[in-house]
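This briefing is meant for a reader who is meeting the structure for the first time. Please look over the sequence and the model, and then follow the points below, which are grouped by topic.

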Amino acid sequence: MTINIDPPTFSDAPFFFDRRAGYLLEPEQEGIVQSHSKTKVAYYHPKDVGNYHYGERHPMRPHRLELTKDLVLGYELQNHMTMHAPRKATEEELGEFHDADYVDFLKRVTPKNAQTLTRDYTKFNVGDDCPVFYDVFSFCQQYAGASLAAARRLAAGSTDIAINWSGGLHHAKKGEASGFCYVNDIVLAILELLRHQPRVLYIDIDIHHGDGVQEAFYLSNRVLTVSFHKYSADFFPGTGNLSETGSDLGKYFSLNVPLQDGIDDESYISLFKSVMEPTITTFRPSSIVLQCGADSLGCDRLGTFNLSIAAHGECVRYIKSFNLPLLVLGGGGYRQSSVARCWAYETGILAGFKLADDLPVTNYTEFFGPDYKLHPPLTGQIQNLNTRQSLERIRVTIREKLRYLNGAPSVQMQEVPPDLMGFLEDERRGKEEREEEEVGNGKAGETRWETELGEGRRTRVNQG
Ligand code: V1D
Ligand code: CA
């Protein structure tokens, strides 16, 4: 591959040099530039997850996951991460959060029998936003299975970072679908982490409010949720006001950063860092789950922010710099080419590599024209309706709320006794699955991917 000197991008600007991480670039290798990290990274991509269709007129395109994976492989990042094709989540696993009748409905419903289930349609909120498409249940099992496998690997300490771009479906509720989301893989993954760890921090940079995750842990002091989102009465889901802070034991453990149209890179990053730094140092999470919805990028078909891929990635880089076990998930994102560029770039950041600006050739190269760059110039900026004063008010209010956390028992707690139920459950799990976690080389039907050198093509090596 030709060695390219990257043109300066937004993340190269001095503004982005983080004191802690020190992003000095090392010599380039095969078109990518390595940084200091020896961090272990596990990449989860459920087989066929990109082949599901919400419908012609629906903005959600799972196919974006194939574009992303092909860019990741084109950049040869698979040589620096473990690659996993995880098994599907079982009904029992989905039932750890979701109601049994809802899981059963998802399992039974098909586009053909939908007519006969109209009452359930209303009850479980399927329809325009959450259509019943062919094999919708398998789709759910796939993306949730990936987030669960990623969480298990993190909890076992077998990886430092786990990535599942097919996950991050933050709107799904215990007993109903919502906002393109059917099962909430994030809640399931956090519950898995909580079986082994005292506190989990959830951060959500999708342009929509992370309402499903907030709601699931609204009364808990073991999960602190922070969502950055557009907040207005006519923007889905309409929740996420600054005043929503949690209840009972969970009071002050839900934080919301409500923003207006057109926020730019500099204000977003400055606010993100000044909220996240005190949140992390005060809450002292044992691990972090980061939902990276890419509909907060400029030019998204549903979103109305002005963020560049570099700025979105800077949030990921910043969270990585805290060196805590990190689960990174996808979410929204409705311009397939931008989503794939963004998540490939962020995979590079997480794996410790700076990617060349010239995109590698993949099966989907035609999606990335006319520039074929990782960081194409942003066009069609939207007017920034966030004033300096409105942003300062949010910053000050959140910092005040964080002061209340200092005295919270879950934060003072140094250790949590081992969870007996979790231990018994571990024992119950099959031998194959324990090997998946301990050996990490796909013994449980996982697939390890290898790349044919020089061609950027993928071959599968079954390990079973
Ligand atoms: F434009 C559409 C075309 C077809 C079907 C749906 C939509 C659409 C656009 N925006 N639906 C929405 C949002 N729904 C409403 C409904 C109107 N009702 C009264 C509510 O405004 C839902 C937006 C969901 C965003 C999902 C997400 O990006 O946050 C996401 N996160 O993880 C996965 C997806
Ligand atoms: Ca959000």
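In this predicted model, D206 has a relative accessibility of 1%, and because the limit for a buried residue is under 20%, D206 counts as buried.

**The chain as a whole**

- The chain has 464 residues, of which 59% are buried, and it contains 14 helices and 13 strands.
- Among the contacts in the chain with a separation of 6 or more, 77% are between residues 24 or more positions apart.

- Leaving aside its neighbours within four places in sequence, D206 is in contact with H170, F228, H229, Q291, G293, D295, S296, G331 and G332.
- The unreviewed UniProt entry places the feature "binding site" at D206, H208 and D295. These residues span 90 residues in sequence, yet no two of their C-alpha atoms are more than 8.2 Å apart, so they gather at one spot.

**The calcium ion (ligand 2)**

- The calcium ion (ligand 2) is coordinated by D204 through O and OD, by D206, H208 and F228 through O, and by S227 through OG, at 2.4 to 3.1 Å.
- In sequence, the donor residues of the calcium ion (ligand 2) follow the spacing D-x1-D-x1-H-x18-S-F.
- The angles among the six donor atoms run from 70 to 167°, and the site of the calcium ion (ligand 2) is irregular. For comparison, ideal angles for six octahedral donors at a metal are 90 or 180 degrees.

**Ligand 1**

- Ligand 1 is surrounded by 21 residues, and the closest are D129, H170, H171, D295 and Y334.
- An N or O atom in the side chain of D129 is 2.7 Å from a nitrogen atom of ligand 1, and an N or O atom in the side chain of D295 is 2.7 Å from an oxygen atom of ligand 1.
- The backbone also takes part, since a polar backbone atom of G332 is 3.4 Å from a nitrogen atom of ligand 1.

- The UniProt annotation "active site", from an unreviewed entry, covers H171, a residue that lies in the loop between β5 (161-164) and α6.
- With a relative accessible area of 3%, H171 is buried. Leaving aside neighbours within four places in sequence, H171 is in contact with residues including S178, C181, N184, H208, D211 and F236.
- Helix α6 (residues 185-194) is mostly covered, with nine of its 10 residues buried; among them are D185, I186, V187 and L188.
- At the start of α6, the backbone nitrogen of I186 lies within 3.1 Å of a side-chain oxygen of N184.

**Two further buried positions**

- S267 lies in helix α8 (residues 265-283), and because its relative accessibility is 17%, it counts as buried.
- The C-alpha atom of S267 is separated by 8.4 Å from that of R388, although the two residues are 121 residues apart along the chain. Apart from neighbours within four places in sequence, S267 is in contact with N384 and L391.
- T362 lies in the loop between β11 (353-355) and α11 (388-405), and it is buried, with a relative accessible area of 14%.
- Not counting residues up to four places away in sequence, T362 touches D70 and L71.

Note on methods. Residues are numbered from 1 along each chain as its sequence is written. Chains are lettered from A and ligands numbered from 1 in the order in which they are written. This is a predicted model: local features need pLDDT of at least 70, side-chain atom pairs count only at pLDDT 80 or more; totals for chains, interfaces and linings use all residues. Side-chain values use heavy atoms; hydrogens and water are left out. Helices (H or I, at least four residues) and strands (E, at least two) are DSSP runs, numbered from the N terminus. Buried means under 20% relative accessible area, exposed over 50%, partly exposed in between (1.4 Å probe, protein chains only). Contact means heavy atoms within 4.5 Å. Donors are N, O and S atoms within 2.8 Å of the metal (3.2 Å for Na, K and Ca); water is not among the atoms, so sites may look incomplete. Four donors count as tetrahedral if all angles lie between 85 and 135 degrees; four count as square planar and six as octahedral if opposite donors are over 155 degrees apart and all others between 65 and 115; anything else is irregular. UniProt positions are given in the numbering used here, feature names are shortened, and annotations may be inferred rather than shown by experiment. A polar contact is a pair of N or O atoms within 3.5 Å; within protein, one must be able to donate a hydrogen and the other to accept it, and residues adjacent in sequence count only if both atoms are side-chain atoms. A residue is near a molecule or strand if one of its heavy atoms lies within 4 Å of it.
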